[in-house]
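Let's take a friendly walk through a protein model, strand by strand. Have the sequence and the 3D view ready as you read.

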Amino acid sequence: MKKKKISILFVCLGNICRSPSAETIMRKLVSDSGLSEQIEIDSAGTMGYHEGELPDSRMRMHGARRGYSLDSRSRPVCMDDFYEFDYILGMDDRNVADLKRKAPDATTLRKIHRMTDFSKNQLHDHVPDPYYGGASSFELVLDILEDACKGLLEEIETRL
């Protein structure tokens, strides 16, 4: 019997800070859990400003300090994403609202969630954009994402 695959798309504005960090953190958690064959992970942005670029150098630096290698390339959300992914996770209310506006139907609309809906320990209602902040902003994003990704993985494991 073939095991069910679950797919996750992390989304922020430009796909250079928050969503590629979530993608990388989740890949590590999934790999460490031995579930890489069952869970597919990607990230995208609601806007295509940085299409083809690596994640922000500051985000890569802070991620590297925690053992993460952020090496995905930025891309905008496309219509196929709404059909191909089981979970579409926006980092903040603006991302979620943009995704909901783009969703083609009620079925795809139900796939959209806020990332922090899966948080277990962090008391934040969104993942703040660190782009215009200092080092502490990037560290906070990683803290929130590590917590929310763990919660998301727990949820997904109940579906596998």
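## Strands side by side

Valine 11 stands opposite alanine 44 of strand β2. This is a predicted model, in which local features need pLDDT of at least 70 and side-chain atom pairs count only at pLDDT 80 or more, while totals for chains, interfaces and linings use all residues. Residues are numbered from 1 along each chain as its sequence is written, and side-chain values use heavy atoms, with hydrogens and water left out.

Strand β1 (residues 6-12) pairs with β2 in the parallel sense, over seven bridges. Two strands are said to pair if DSSP finds at least two bridges between them. Helices (H or I, at least four residues) and strands (E, at least two) are DSSP runs, numbered from the N terminus. To get from β1 to β2, the chain passes through helix α1 (residues 18-32), and this β-α-β crossover is right-handed. Right-handed means that, with the strands pointing away from the viewer, the path from the first strand over the helix to the second runs clockwise.

In turn, β3 pairs with strand β4 (residues 112-114) in the parallel sense over three bridges, and glycine 90 stands opposite arginine 114 in β4.

How are the two faces of β3 covered? Tyr87 and Leu89 are buried on one side, and Ile88 and Gly90 are buried on the other. Buried means under 20% relative accessible area, exposed means over 50%, and partly exposed is in between (1.4 Å probe, protein chains only). In a regular strand, side chains alternate between the two faces of the sheet. Strand β2 (residues 39-45) is mostly covered too, with five of its seven residues buried.

## The nonpolar core

The largest nonpolar core has 33 residues. Such a core is a set of buried Ala, Val, Leu, Ile, Met, Phe, Trp, Tyr and Cys residues joined through side-chain atoms within 4.5 Å. Ile8, Phe10, Met26, Met115 and Leu152 have the most contacts inside this core. Two or more residues come from each of β1, α1, β2, β3 (87-90) and α6 (135-157); α6 gives the most, with 10 residues.

## Two residues in one loop

Serine 74 sits in the loop between α2 (57-65) and α3 (79-84). Is serine 74 buried or exposed? Serine 74 is buried, because its relative accessible area is 3%.

Aspartate 71 counts as exposed because its relative accessibility is 53%. From aspartate 71 to leucine 152 is 22 Å, C-alpha to C-alpha, and 81 residues in sequence.

## A loop residue at the pocket

Asparagine 15 lies in the loop between β1 and α1. Asparagine 15 has a positive phi of about 60 degrees although it is not a glycine, and it counts as buried because its relative accessibility is 1%.

Asparagine 15 is also among the residues that line the largest pocket, including Cys12, Arg18, His50 and Asp129.

Note on methods:
1 Å grid on protein atoms, 1.4 Å probe; cavity = no way out; pocket = protein on both sides within 12 Å on 5 of 7 lines; lining within 4 Å.
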